[in-house]
Amino acid sequence: MVREVAESCVDSLLTEMVASYCNRFYANKPELAARRIEAIGYQVGHQLSERYTMERPRFSDHLEAIKFICKDFWTELFKKQIDNLKTNHRGTFVLQDNKFPWLERISIDPLTDKVNSAEDATTAENKATSTISMHLYYPCGIIRGALSNLGITCAVTADISNLPACSFVVRVKA
Amino acid sequence: MQFFGGSEISPSPPVPTASGNNGHMIYMFNRNGVCLLYREWNRPLRTLNAQQDHKLMFGLLFSLKSLTAKMDPTSAEKGNLGVPQLPGQGCSFHSFRTNTYKLSFMESPSGIKIILVTHPRTGDLRDSLKYIYNLYVEYVVKNPLYTPGSPIRCQLFNTTLDQYMRGIA
């Protein structure tokens with residue numbers, strides 16, 4: 001029996017999770033908050049990859065496993081695939097998603113006319129960027145957990161140089 | 001009971017009947033009277049400063065709503081003053097028209113009031129207001145960087161709203 005949950009419930013839960021970890025549990029320690037969020041993502045990715053690879057044979061190499069993440073895994077999670085995959089064939093992969101669903105609704109304040117000083121504007125922008133990057137620790141953890149369950153130890157970071165496209169950089173530990 | 005019915009996730013906008021920039025201003029208030037959004041596209045005359053203008057608008061609508069509810073000849077039960085009602089229940093005014101402008105109003109069950117001031121020949125804008133409420137839910141409420149109850153400062157919402165307003169009559 002398939003049980004379903006509304007997508008907005010999941011989105012709101014994730015927003016609240018990031019907000020509580022950043023503002024309440026580890027209010028002054030953003031690195032700890034980031035690590036906890038990433039650890040939660042790790043567990044989730046671990047379990048999800050177990051479910052989604054149930055009927056498949058073992059993957060022959062790292063590239064096949066990454067392609068599974070880009071296509072089937074991403075489709076199960078977000079109903080779309082990763083738009084662009086790049087690799088340097090030496091253990092680094094860049095997964096680019098041009099319209100990442102969990103970031104789709106984030107938008108920063110437009111600069112108002114009365115900006116007190118240039119520093120205010122940049123601090124506001126930095127704050128927005130750091131909040132956005134906090135939201136990305138969870139999907140990084142999911143990717144890391146999924147890959148580790150497939151036998152690939154790696155480190156995953158996110159790159160938000162141009163929103164709403166975001167890239168996940170996977171570095172496999174040889 | 002679904003609030004806006006329909007099987008789609010967000011209702012498609014009503015078909016525009018004329019092109020051109022006919023929307024003059026939009027106000028959005030929350031339940032406590034905080035002005036969440038004020039945007040103007042075409043307002044030649046301003047008589048009050050912004051704060052007074054917002055307070056006046058909120059007070060006007062509050063009084064108009066309770067007046068129309070109290071004067072309703074068909075229903076015996078009058079709702080409590082100030083409490084927003086579900087769309088089918090009670091009696092709530094939705095627009096008034098003068099010779100120079102038309103004001104359309106919608107209140108959601110959560111108390112969000114949307115007011116749209118357009119030119120006087122505009123048709124019924126209730127579907128447009130529902131679409132704007134949907135935009136609000138998508139781009140403001142679901143935005144992790146927004147705190148409820150504070151004025152709306154979301155780039156995405158502003159651009160989508162401007163684009164939509166350019167397309168309706």
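How much area do chain B and chain A bury between them, and what percentage of it is on carbon and sulfur atoms? Before I answer, a word on what we are looking at: this is a predicted model, in which local features need pLDDT of at least 70 and side-chain atom pairs count only at pLDDT 80 or more, while totals for chains, interfaces and linings use all residues. Residues are numbered from 1 along each chain as its sequence is written, chains are lettered from A and ligands numbered from 1 in the order in which they are written, and side-chain values use heavy atoms, with hydrogens and water left out.

The two chains bury about 1100 Å², with 62% of that on carbon and sulfur atoms, where buried area is the accessible area (1.4 Å probe) that two parts lose on being put together, summed over both. On the chain B side, Pro144(B), Leu145(B) and Arg153(B) lose the most area to chain A, and together they make up 49% of what that side buries. Counting contacts, that is, heavy atoms within 4.5 Å, eleven residues of chain B touch 13 residues of chain A.

The interface holds one salt bridge, meaning a side-chain nitrogen of Lys or Arg within 4 Å of a carboxyl oxygen of Asp or Glu, and Arg105(A) and Glu138(B) form a salt bridge through their side chains, at 2.8 Å from N to O. Two elements of chain B, helix H2 (126–141) and helix H3 (155–167), each give two or more residues to the side that touches chain A, and H3(B) supplies the largest share, three residues; helices here are DSSP runs (H or I, at least four residues) and strands likewise (E, at least two), numbered from the N terminus.

Turning to chain A, four strands form an open antiparallel sheet in the order E1-E2-E4-E3, where two strands pair if DSSP finds at least two bridges between them. Strand E1 (84–87) and strand E3 (154–159) of chain A are the edges, each pairing on one side only. E1(A) and E2(A) are joined by four bridges, with Asn84(A) partnered by Gln96(A), and in their hairpin, which has four residues between the strands, His89(A) takes a positive phi near 60°.
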